[in-house]
Structures are given as C-alpha cells and as structure tokens.
Amino acid sequence: MIIVDTALAKRQAEGNPIRVGMIGAGFQASGIGLQIMTATPGMRLCAIANRHPDAAVNIFRQAGQEARHCDTQAELEAGISSGYPVVTEDAVALARAEGLDAIIEVTGSIEFAVHAVLAALESGKHVIQMNAELDGTIGPLLKARADAAGVIYTFADGDQPGVQMNLYRFVTGLGVTPVLCGNIKGLHDPYRNPATQEAFARRWGQKPAMVASFADGTKISFEQAIVANGTGMGIARRGMLGPDFSGGNPGAPLVPIEETVSSFEPYLDPDGAGLVDYVVGARPGPGVFVLGAIDHPRKRHYLELYKLGKGPYYCFSTPYHLCHFEVPTSVARAVLFNDPVLTPRAGPRVGVIAVAKKALSAGETITDFGGFEVYGVAEEMDVVRGENLLPVGLALGCRVSRPIEKDTPLTFADVTAPEGRLIDTLYAEQERLFA
C-alpha cells in the first residue's frame, strides 16, 4: 500500500491517471466508484456498464459528476478520450473500448460477466474482480487467457480471499511456512434462503439471495476455493472443517482465533501443501488468519518473545476486510506493478459443488446462489471429476431432471442445462486444459 500510494501520487502529478471501467453498479460497485472518485488520486473512473443504466448514473452522482449515456463502443471511446464520465448497458462494448487500462468486474453473475471479462482480456486490459463465483468456476482458464494476452487477471484486495493472500505472502516473507489459510465468519447455516435473510438484506440495501449465499456456505466455499487455487492448498474434507464456536448464535461471545487452532491441528502437515478452511464465532471477525510453522529453534525463540506463543503453529491474523475501500489498490498493483492480489497458480485444485438445500422435484429450476434450491460446498477437484459432480457455478438456470433428496450432491446427470451458454463451453475447455 505504501509503495502503491506513492506511485499513484506520481501518476496524479503527471496528469496521467489510471483509467478504469467498471462492470456492475450494485452495492459493492457503488462503494468502489465512490472510493475511486473521492479518495484515489492518480486513478479515474471513466465508464460504468450496467443492465440498468440509472444505477450507473447514480454512482457518478455520489461524487457530483453527471454521466452521459452511450449506446456504442465509439461513443464510449469518445467519452473516455474527452474525460467526461459515460455509462452504457453494453458491458462487452465497454470491455473492448480503447482508452481504458483496467476493468473492475463486480456483478456477481456468471454468464453475463464472463462475456465482458473475456472481451476485456482479449482487448489487452487488466481485469480486477470481486466475483468469487466466476473465479471459483473458471478462474484458471481466465488466468490462462490473461497470460496469453500479456495482462493481469486477479481477484481484488479488500474481500477476504485477497486479504488472506496478502497475509499468506507476508507470513511467507517472514520465513514461516503457511499451513492453513482461514476465513472468519459469524454464521453458517446451509438452509438459509432469500426469505430468511430478507429483513437483513433490506436493512443494508442488498439482495436477499446474495445475503443468503453468505449464510448458507456458498460464498465461503467459493472464497476458500479461490484461495486454494491461488496457493496450491487443499481442503481437509468435503465442505472443509469449519469449527463453529457460536453454537448457532451469531450474537454469542467470540473466542480468540488462537483458541481455535487445536481444531485444525490433527489435519495440519508442515511438509504438505497446506489447507484452506474457516471458523465461525471467533475474533477478530470478520477478518482472516494464517497458521504457520517454522522449525528453526532460534526463530521459534524469537516468535515466542514477540508474543506469538511456543508453537508448533503460529497464528497471524488481519482483523478486518474493507471490501470496496481496498479495491482501487488492487487496480494500481495490476496496472503499475503487474502484481496480482490473488490469481490461480495453475489448474483448479478445489471446486464448489451444488448440494440440494431441500428435496428437489423433477422440473424445478435452480435460480440463484443463495436461493431456495441448492447451496455450494467446497470439494477437491479430483473428487468432483471422479464423481461427475455439478459445479454450483454451472447449476444456475439448470432444470432438475429427477427427484433429489435433501443434502445430496447433484451430478451433471441430475440436471438439464440451458442451451448455448458460454460458461459451459469454457468450463469444458478448462477441463481439457487442466484435468
């Protein structure tokens, strides 16, 4: 951050700001836009694409800017070149528009988002996203496409996966070996749905299904899957361990994160690839933690002196994740230093499968992440392939073809997918490339 702010100040002084386009104009996008326009010298938000352009216009209005509506790529390019903010309904046109250094993708969609992300990569733009669902489904393929185009494809800082990766790199830089990357949550109930989360969502101006995906485990599964794919780590078992110290009560007193280490110790191997996991009901929440090991006796002596305990595992934590506040830093890291916050190392190590949230009947359609039909669960990719399990990122829009019992993982044979989806084609390509 200290290096990045100096570099951004230099771009500001030179009158050469990083020029950014954004896909999406929802809750997080609104915060990102406000942060760029009011607190990030050396960066300019030039254009926003959204299926409802009024929401994009309102993002610019937060900072006292009036945007012009554009229908074509040429109109977008004219606005970017002239310096006035523009909005459009055409995400692919914005992604292809000349004059932009980077695209921030923050829709939370799958099929809609992937068209824009591919267009941005193909036209030589860095892509920074907060879409764990897309990244956890075909992130390795998108990374390969970015490599071929000579640009950066990365998840954003500020969201918990990016914060974990920052901490992972910090711990590694100390000479400590990370053995577990962890996420701290306040609630995990796989049967939460848009109806149960409606009041909470209304209070914070969010979508009920999205809030339900936070509670039912889908989001945490995607988040930890992309950390696994970025570090080469695995999971201890299907769904991860996820020790819950809350007793199911999000308002219960939080235990110190150091007191949760014993729940993971039987599964840790200092000589292995490491694990990703999560804990419920611990502090500092909603932060992240990394467990590390070190075998040099003198270094262990120093860590004990600095109040990290006697080992054998040492707990490092970050007490917060500030979401949209930190996204502009991710853009600057990509554009100025070719430094991704979090990106797949190679092929997928962990995927996220669809599990029936209730008894499903033939003919039902799977509607949304956090919806009424399924929840997402992390699983090793070897198992996903061996059992023909259905990734939840491909499940949306699929029709159930036969009855499925509650809590049963779905397979490809259990559903009929909509025809002609790009996401299915790309997932198959990713499997051919990496399986």
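Modeller: With the element names. Helices (H or I, at least four residues) and strands (E, at least two) are DSSP runs, numbered from the N terminus. Keep in mind that this is a predicted model.

Colleague: Where does Met240 lie in that scheme?

Modeller: Met240 is in the loop between α11 and β9 (255–256). Its phi is near 70°, a positive value in a residue other than glycine.

Colleague: Is Met240 buried or exposed?

Modeller: Buried means under 20% relative accessible area, and exposed means over 50%. Met240 has a relative accessible area of 3%, so it is buried. Now take Lys307, which also has a positive phi, about 70°, although it is not a glycine. Lys307 sits in the loop between α13 and β13, and with a relative accessible area of 74% it is exposed.

Colleague: Which peptide bonds are cis?

Modeller: One joins Arg283 and Pro284, with omega about 10°. Pro284 belongs to the loop between β11 (282–283) and β12. Another runs from Gly311 to Pro312, with omega near 10°; Pro312 is in the loop between α13 (297–305) and β13.

Colleague: How do I read a strand, and which way do the side chains of β5 point?

Modeller: In a regular strand the side chains alternate between the two faces of the sheet. In β5 (residues 102–105), Ala102 and Ile104 point one way, Ile103 and Glu105 point the other way, and all are buried.

Colleague: Which strands pair with β5?

Modeller: The general idea is that strands of a sheet pair through backbone hydrogen bonds, either parallel or antiparallel. Here β1 (residues 18–23) pairs with β5 in the parallel sense over four bridges, and Ile23 stands opposite Glu105. Four bridges also join β5 to β6 (residues 126–129), again parallel, with Glu105 opposite Gln129.

Colleague: What does α6 pack against?

Modeller: Helix α17 (residues 422–434), at an angle of about 65° and with the axes 9 Å apart. Glu111, Val114, His115 and Leu118 of α6 meet Leu422, Ile423 and Leu426 of α17. By class, that contact has five nonpolar, one polar and one charged residues.

Colleague: Which residues touch the most other members of the largest nonpolar core?

Modeller: In soluble globular proteins, nonpolar side chains tend to be buried together. In this model the largest core has 90 residues, and Leu94, Leu134, Ile138, Val276, Ile366 and Leu410 touch the most other members. Helix α6 gives the most to this core, with eight residues. Another core, of 32 residues, lies apart from it, with Val20, Ala25, Phe60 and Ala102 among them.

Colleague: What is the strand order in the open sheet of four strands?

Modeller: The order is β10-β8-β12-β13, with mixed pairing. Because β10 (275–280) and β13 (313–318) are at the edges and each has a single partner strand, one side of each is left without a neighbour in the sheet. The twist averages 25° from one strand to the next. Six bridges pair β8 (residues 177–185) with β10 in the parallel sense, and Ile184 stands opposite Val279.

Colleague: Which helices lie across β8?

Modeller: Helix α8 lies across β8, β12 (288–293) and β13, at about 150° to β8. Helix α11 (residues 218–231) lies across β8 and β10, at about 160° to β8. In α8 (residues 160–173) you will find Gln164, which counts as buried because its relative accessibility is 0%. Its contacts include Cys181, Gln224 and Val288.

Terms used. Residues are numbered from 1 along each chain as its sequence is written. This is a predicted model: local features need pLDDT of at least 70, side-chain atom pairs count only at pLDDT 80 or more; totals for chains, interfaces and linings use all residues. Side-chain values use heavy atoms; hydrogens and water are left out. Buried means under 20% relative accessible area, exposed over 50%, partly exposed in between (1.4 Å probe, protein chains only). Two strands pair if DSSP finds at least two bridges between them. A nonpolar core is a set of buried Ala, Val, Leu, Ile, Met, Phe, Trp, Tyr and Cys residues joined through side-chain atoms within 4.5 Å. Contact means heavy atoms within 4.5 Å. Axes are lines fitted to C-alpha atoms, for helices over the stretch in contact, and angles run from 0 to 180 degrees between N-to-C directions. Ala, Val, Leu, Ile, Met, Phe, Trp, Tyr, Cys and Pro count as nonpolar, Asp, Glu, Lys and Arg as charged, and the others, Gly among them, as polar. Lists of a residue's contacts leave out its neighbours within four places in sequence.
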